[in-house]
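User: I'm new to reading protein structures. Could you go through this one with me, a question at a time?

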Amino acid sequence: MKFLKSKLYIFLPLLLLNSCRDYVEVEQVGNNRILKYTSDYRALANNYNDMTSSGGIYLIANDDVEFPTTYQTGVTTIWGNSYTWQDRIYDPSQGDSDWTGLYKAVYYSNVILDGVMGSEKGTDAEKKEITAEAYVHRAFAYLQLVNTYGPQFDPTSANSEKAVPLLLKPELFSSLERNKLDKFTIRLYQI
């Protein structure tokens, strides 16, 4: 009886562990899917909410915007601070949705540029089209970022003025050192 129990304790875990392989190697579906096919990259490029983020807090600080006093009490503090040209638009506890949204578009564009040409089940024409769209989305996001968070462009000081971080790889943890304005101009012409 002891011999049977000891064999059971040895072989039963081996049988159970061997059957797990069928469930571990299943391709993920949903939000956690690894981008593998050209259609996956097309879906990411067509993600309208994330890829076409254009910011907008600067529009509220525009001279052409007028909030009636009855409306001013109902807006968020971010909008109110931007409209009244406060030194601090955001509280330390608040995030900057323009910055976050635009860099999300840059990140997704970089993911597309990094992997679409090696994806499966797509024609070269489709892959090149998706690549071109990703370049456009990334360039537009950087245009918005530089115009919103960088200094006004001056050709005489373009080599010394710093604007925003220039991220060209899909890395979550990369240097956020601000790049000079001329680097953006050179980079856009190289594309």
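User: Leaving aside its neighbours within four places in sequence, which residues is asparagine 110 in contact with?
Analyst: This is a predicted model, where local features need pLDDT of at least 70, side-chain atom pairs count only at pLDDT 80 or more, and totals for chains, interfaces and linings use all residues. Residues are numbered from 1 along each chain as its sequence is written, and side-chain values use heavy atoms, with hydrogens and water left out. Contact means heavy atoms within 4.5 Å. With neighbours within four places set aside, the partners of asparagine 110 are Arg138, Leu167, Leu168, Lys169 and Pro170.

User: Is asparagine 110 buried or exposed?
Analyst: Asparagine 110 belongs to helix H8, residues 97-115 (helices are DSSP runs of H or I, at least four residues, and strands are runs of E, at least two, numbered from the N terminus). Buried means under 20% relative accessible area, exposed over 50%, and partly exposed in between, using a 1.4 Å probe and protein chains only. Asparagine 110 has 2% relative accessibility, so it counts as buried.

User: Why does tyrosine 41 count as buried, and what does it touch?
Analyst: You'll find tyrosine 41 in helix H3, residues 38-45. Its relative accessibility is 7%, so tyrosine 41 counts as buried. Not counting residues up to four places away in sequence, tyrosine 41 touches Leu35, Val111, Ile112, Gly115, Val116, Ser119 and Ile130.

User: What is the separation of the C-alpha atoms of tyrosine 41 and serine 109?
Analyst: Along the chain, tyrosine 41 and serine 109 are 68 residues apart. Their C-alpha atoms are separated by 9.8 Å.

User: At what angle do H3 and helix H9 pack, and how is that arrangement classed?
Analyst: Axes are lines fitted to C-alpha atoms, for helices over the stretch in contact, and angles run from 0 to 180 degrees between N-to-C directions. H3 and H9 (residues 124-149) have axes 10 Å apart and pack at an angle of about 30 degrees. Angles under 35 degrees count as roughly parallel, over 145 as roughly antiparallel, 65 to 115 as roughly perpendicular and the rest as oblique. That makes the pair roughly parallel.

User: How many helices and strands does the protein chain have?
Analyst: From the N terminus on, the elements run α-α-α-α-α-α-α-α-α-α. The total is 10 helices and zero strands.

User: What share of the residues in the protein chain is buried?
Analyst: The protein chain has 191 residues. Of these, the buried share is 30%.
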